[in-house]
Every structure is written in structure tokens, then in C-alpha cells.
Amino acid sequence: MDQILKLHKDDLDVVVQPAVGWETLNEDLALEGLFFPPDPGPGAMIGGMVGTGCSGTNAYRYGTMKDWVLSLTVVMADGTIVKTKQRPRKSSAGYDLTRTFIGSEGTLGLVTEATLKVTVKPQNTSVAICSFGSIREAANCVFKVVGEGVPIAAIEILDDVQMKCINDAGGTSRQWKEAPTLFFKFSGTASGVKENISIVQKLAKSAGSKSFEFAKSDDEAAELWSARKEALWSVMAKKRDDSDHVWTTDVAVPISSLPKIIEETKEDMRKSGLLGSIVGHVGDGNFHSIILYNDTEHDIAEGIVHRMVKRAIEMEGTATGEHGVGLVKRDYLNHELGEAAVDLMRKLKQAFDPLCLLNCDKIVRVQKPKAGEIQEW
Ligand SMILES: Cc1cc2nc3c(=O)[nH]c(=O)nc-3n(C[C@H](O)[C@H](O)[C@H](O)COP(=O)(O)OP(=O)(O)OC[C@H]3O[C@@H](n4cnc5c(N)ncnc54)[C@H](O)[C@@H]3O)c2cc1C
């Protein structure tokens, strides 16, 4: 089911089947000067992107998958076919079934068709990177840029460990400063992009940046962004042997709490002796730590992740900003949302899929956990 069924160019929407990849979709849309912003991992497809309610580096400016789906056609567990809405940009017609399915990880129904909003492809894009002496200085720079209302397309942070992994992996055409680094993406008119780069350069300097580079051509922009793209693979390249695994986390917190949680997590990883890097969608308060561990080190890695999730929830954040719950994170929901909210989710699941045919027990345990079954903090 990998067909783009119909582009309504004047309405800025497109109807697709679930196995259309976001990259393929954008190649097609570009021919019409259009663009679909959610940009998760390479190879991700619309069905899975609806499933996780994904985001990506563009979320800071454009929002997440939840903001870009107009309507879904879904096959329910009993075979009923449901269309959640027609194609208007807005609607107050009843409960929002579209958003109930987004982020439901295949537990409520199977998406067979999606109508997606699209937007006009920015005329110009560029990239700048700047490095700092500490994560806190880099975070302060983000607050300044966000606080000034500079229209940035994306702001990402990579820590010193991550930058070293990228250098060691040698997958990019140059070497990078092994320091906390911010990656900015700009988009808009040529003069707007130029002006915004210059504002950010001044703000970065006042926040203590040690270096600032910006792209003067599309090739240079691709080169600067290449380090961001290599993040996960460069940590995987550090595997000591086949028994090593990578654990990727994705907590999110209100953005003012981001420096504290990143600093505490980095200290925890340092003390553990495991290799762990930080890559963050810093404009959204969402970051990944990528931790390398083998079977004998599993409990150490799990401890780091557990403490990180606990910190995030205590800061009024979430266990998962974009990857979803599945099995591993389901017992955190009681701590994050409270028992009453999880019970309501369980009732929703039972109403949509009473025989528990669809990804049973994912997100929410179908049977209410017995006393003591969910670990205390
Ligand atoms: C290098 C890398 C970078 C990444 N960066 C990001 C990022 O920046 N932001 C982000 O959000 N994610 C990111 N991801 C994670 C991943 O790309 C997203 O979670 C993406 O949404 C998964 O899409 P998929 O097609 O692989 O879905 P899958 O993993 O196949 O499925 C995801 C979920 O959707 C359900 N599902 C699949 N198809 C359907 C359907 N037709 N109907 C109903 N349910 C369905 C599945 O059951 C599953 O629960 C990254 C991954 C990698 C490897």
C-alpha cells in the first residue's frame, strides 16, 4: 500500500496509503513546490508515523505528526471501516477520532489511508553550527534565540561525547570540535535567512559561543547537517563486538528544565562507565541519550534510563516525546499520568478492540495490574 493517491494542490493536502515513506512523499511534493514537514528516521512510513505520533527536527517550527494529519481511514478490529473526517482544515464535528488513532501504536485500528496537510516548500534553507564550553551555555543560547522569537526551522544539540563519536566514526567529510554543539536550520526568503543567521550569531556570541559557522551554499549546508544525521550510526560504530546493543531514550521536559536534566543524565552516564551520548531536539525540550551496553551491563543501562525517566516525569515531562510506549515504557504511564487516566485508556482500548487482537498489551496492560506489579519509583 505504497501509493500517493491524490494531491489536492489548491487545498494543500495529499491522500496517501500507509506504506508511503516521508522521504518519497517529499521528493514527489517538491516537483510541485510543496513539502510535508514531519521528518523522523530514514525509511519511516506514514502508517508507522501515525502509529507513533512522530516528530523530527522540523517539529520546532512545524509541529508534530498530530498537526499534519487531516483524516484517516482505519480498519477496526472487527473489520469495520471508519473514516475519521472529510478534508476541511478544521472541524468541530464530534470527538477527534483522527488524533485518537495518532500515537496509538497500532493498538486501536489499522490505518489504510491518510489525508495529510502539506505546505509550501521554503524558498531557501541554510544551516549554522556553533560550539560552547558547556551544555548550560548552549541551552542559554537556545533560550535567547527562542525568547527573541527568531524564526528558526530547527534547533538541535549534540554533546561533546556525541561529537567525538562522529569524529571517530569518520562518516563525515571533516572533523568537528568535540564540544557541546548547536545545529540551527533556517528557512524562508534569501534575505530573511541571512538576517536570521546574523541575529543568531550575535545571540550565540553573547551566550559564550566558542565558534560559529554558517553555510554559504546548499553543499555547505548539507555538509554541516551531515554531523547531525550521523549521530546514531556513529555511536553504533563504537560497538566493541556483536554482543553490544544501543539503548535510545526520548524523554521530554518543559524547555526550561532541559539543561538540568541533560547535566544530571550526563553525570549519571559518566559515573556508570558506559558510553552514552546526548542528541536533543532542544527547541522542543526533547532529547535522546544513546547508550552502548552489553548483556552483563544491561542492569546498569536500565538504571540510567529509569533515573532519567523519573527525573523527566518529576519535572512535569514525559517518558516518551516521540518514539512511543510499546511494552518497555507502559508501566511509566501510571507515574506520568495517574491511574485514572491509564484506566480511561484501558476502557478506550476495550471499546475499540474488545478481543485484544491489535498489539495486545502494548501501551496499556489490558488487565489492570495487581498491587505491587508496577514497581515503585
Ligand atoms: C536514525 C533514526 C532517527 C530517528 N529520528 C526520529 C525523530 O527525530 N523523531 C521521531 O519521532 N522518530 C524518530 N525515529 C524513530 C522512527 O523513525 C519513528 O518512530 C517512525 O515514526 C517509525 O516509522 P516506521 O514506519 O518505522 O514505523 P514502525 O516502527 O513500523 O511502526 C511504528 C508503530 O506504528 C504502528 N503501525 C505501523 N503501521 C501502521 C498502520 N498502517 N496502522 C496502524 N498502526 C501502524 C506499528 O504497529 C508500531 O506500533 C528515528 C529512528 C531512527 C532509526
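A disulfide here is a pair of cysteine sulfur atoms within 2.5 Å. Keep that cut-off in mind. The model I am showing is predicted. By that rule, the count comes to 1 disulfide.

Which cysteines does the disulfide join? Cysteine 356 and cysteine 360, with the sulfurs 2.1 Å apart. That distance of 2.1 Å meets the rule of within 2.5 Å. In general, a disulfide is a covalent bond between the sulfur atoms of two cysteines. Now its handedness. The torsion about the S-S bond of cysteine 356 and cysteine 360 is about 105°, so this disulfide is right-handed.

On to the ligand. Where does the ligand sit? In the largest pocket. There are 25 residues around the ligand. Gly41, Met45, Thr52, Ser55 and Val111 come nearest.

What kinds of residues make up this shell? It divides into 11 nonpolar, 12 polar and 2 charged.

Which elements supply the shell? At least two residues each come from α2 (46–52), β6 (110–117) and α9 (231–236). Helix α2 gives the most, with 5 residues.

How much of the ligand's accessible area does the protein cover? On its own, the ligand has 990 Å² of accessible area, and the protein covers 67% of that.

Technical notes: Residues are numbered from 1 along each chain as its sequence is written. This is a predicted model: local features need pLDDT of at least 70, side-chain atom pairs count only at pLDDT 80 or more; totals for chains, interfaces and linings use all residues. Side-chain values use heavy atoms; hydrogens and water are left out. A residue is near a molecule or strand if one of its heavy atoms lies within 4 Å of it. Accessible areas come from the Shrake-Rupley method with a 1.4 Å probe; for residues, only the protein chains shown count as cover. On a 1 Å grid over the protein atoms alone, a cavity is a set of points where a 1.4 Å probe fits but cannot get out, and a pocket is an open set with protein on both sides within 12 Å along at least five of seven lines; lining residues have an atom within 4 Å of a point. A molecule sits in a cavity or pocket if more than half of its atoms lie within 2 Å of its grid points. Helices (H or I, at least four residues) and strands (E, at least two) are DSSP runs, numbered from the N terminus. Ala, Val, Leu, Ile, Met, Phe, Trp, Tyr, Cys and Pro count as nonpolar, Asp, Glu, Lys and Arg as charged, and the others, Gly among them, as polar.
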